[in-house]
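Here are my notes on the model you sent, as numbered points. Please read them beside the coordinates.

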Amino acid sequence: MNNIAETQIEADPNVPIIRLTREFAGTPEQLFRAHTDPRLFAQWIGPRSLQTRIEEWDARSGGSWRFVSTRDGEEHAFRGCFHDVRPDRIVQTFTYEGDPDGVALETLWFDDLGNGRTRLRGQSLVDSFESRDAWLKSGMETGANEGYAKLEEMLADGAI
Amino acid sequence: MAADELSRIFAALADPTRRDMVTQLAVGDATVNQLAEPYPISLQAVYKHLKVLEDAGVVSRLPGPQPRPVRLEAEVFDLMDKWIERYRRRAEERYRRLDAVLAQLNETETGKDEQKGSVA
């Protein structure tokens with residue numbers, strides 16, 4: 001698990017899209033499972049300080065999903081639909097229920113790199129630059145919480 | 001602090017004409033007339049756009065006699081880079097957890113069928 005390339009993020013200047021790329025030591029099939037098996041998904045999706053409770057999960061084309069993140073009694077729910085689920089590509093919608101009008105269209109690709117490695121490419125299309133603004137900002141707000149501080153510690157320790 | 005500031009910056013850049021102006025200014029300072037040239041809009045409309053960019057701190061007007069050139073504030077983009085960097089790190093944090101899940105899968109699966117071992 002040594003030389004894993006770090007996540008790359010790109011905010012497109014012309015369309016309200018955030019793109020993301022990351023390589024993994026796992027097969028496309030494993031990555032697919034980590035995104036579609038609710039038990040596995042709950043293990044990695046939320047920050048460590050949050051509990052993720054999957055309330056609804058039907059990872060088939062046309063199915064829907066909903067999960068709730070809780071910390072100290074505070075709950076944040078997210079939901080969406082699996083539009084298209086294929087071994088090499090997942091297309092889904094994503095809404096934070098605190099902002100029910102905002103819908104992101106997410107596409108994930110699992111590119112087989114051979115030797116048990118996979119490149120994950122993701123793209124989130126939101127409906128305006130303002131939404132993307134809010135989106136990125138939510139990252140910043142979470143960034144201010146302890147989970148982020150923990151990451152900083154890990155970075156400082158050279159653990160990452 | 002930064003969250004509001006950044007909201008204003010992103011809102012200012014949400015408009016295609018203003019984004020285009022910023023692209024022009026990335027090449028170098030320009031007077032309002034020079035900036036207005038490519039657009040089929042009134043000078044007044046150009047001033048309006050500039051005002052939004054100025055209020056967001058994206059551009060500034062250099063002091064001195066008219067015509068005062070407009071300048072891009074480079075620090076603004078450093079701030080945006082930082083913002084995106086935080087988002088990136090959050091994603092990276094998430095994917096470190098996914099790494100662990102995949103490592104577990106690899107472990108249990110090499111245990112089950114000895115055929116597929118992967119990565120030291």
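1. Leaving aside residues up to four places away in sequence, Val58(B) touches Ile9(B), Ala12(B), Val22(B), Leu53(B), Glu73(B) and Val76(B). This is a predicted model, and the contacts should be read with that in mind.

2. Val58(B) also belongs to the largest nonpolar core, which has 24 residues. Within that core, Ile9(B), Ala12(B), Leu53(B), Val58(B) and Val59(B) touch the most other members. Both chains contribute: strand 1, strand 2 and helix 3 of chain A each supply at least two residues, as do helix 1 (2-12), helix 2 (16-27), helix 3 (32-36), strand 2 and helix 5 (74-112) of chain B. The most comes from helix 1 of chain B, with four residues.

3. On the contact between the chains, 30 residues of chain A meet 30 residues of chain B. On the side of chain A that touches chain B, at least two residues each come from strand 1 (8-11), strand 2 (17-24), helix 1 (28-36), helix 2 (38-44) and helix 3 (129-143) of chain A. Helix 3 of chain A has the largest share, nine residues. By type, this side of chain A holds 16 nonpolar, nine polar and five charged residues.

4. Strand 4 (residues 64-71) and strand 5 (residues 74-86) of chain A run antiparallel and are joined by eight bridges. Ser69(A) is placed opposite His76(A) of strand 5 in chain A. These two strands form a hairpin with two residues between them, and there Asp72(A) adopts a positive phi near 50°.

5. Strand 5 of chain A also pairs with strand 6 (residues 89-96) of chain A, in the antiparallel sense and over six bridges. Phe78(A) has Tyr96(A), in strand 6 of chain A, as its bridge partner. This second pair is likewise a hairpin, with two residues between strand 5 and strand 6 of chain A.

6. Two backbone details deserve a look. Asn115(A) is not a glycine, yet its phi is positive, about 50°. Asn115(A) sits in the loop between strand 7 (104-114) and strand 8 (117-125) of chain A. Is Asn115(A) buried or exposed? Asn115(A) counts as exposed because it has 9 C-beta neighbours inside 10 Å, and the cut-off for exposed is 12 or fewer.

7. The other detail is the cis peptide bond from Gln66(B) to Pro67(B), whose omega is near -5°. Pro67(B) lies in the loop between strand 1 (59-61) and strand 2 (70-72) of chain B.

Methods: Residues are numbered from 1 along each chain as its sequence is written. Chains are lettered from A and ligands numbered from 1 in the order in which they are written. This is a predicted model: local features need pLDDT of at least 70, side-chain atom pairs count only at pLDDT 80 or more; totals for chains, interfaces and linings use all residues. A residue is buried if 20 or more other C-beta atoms lie within 10 Å of its own, exposed if 12 or fewer, and partly exposed in between; C-beta atoms are placed from the backbone. Two residues are in contact if their C-beta atoms, placed from the backbone, lie within 7 Å. Ala, Val, Leu, Ile, Met, Phe, Trp, Tyr, Cys and Pro count as nonpolar, Asp, Glu, Lys and Arg as charged, and the others, Gly among them, as polar. A nonpolar core is a set of buried Ala, Val, Leu, Ile, Met, Phe, Trp, Tyr and Cys residues joined through C-beta atoms within 7 Å. Two strands pair if DSSP finds at least two bridges between them.
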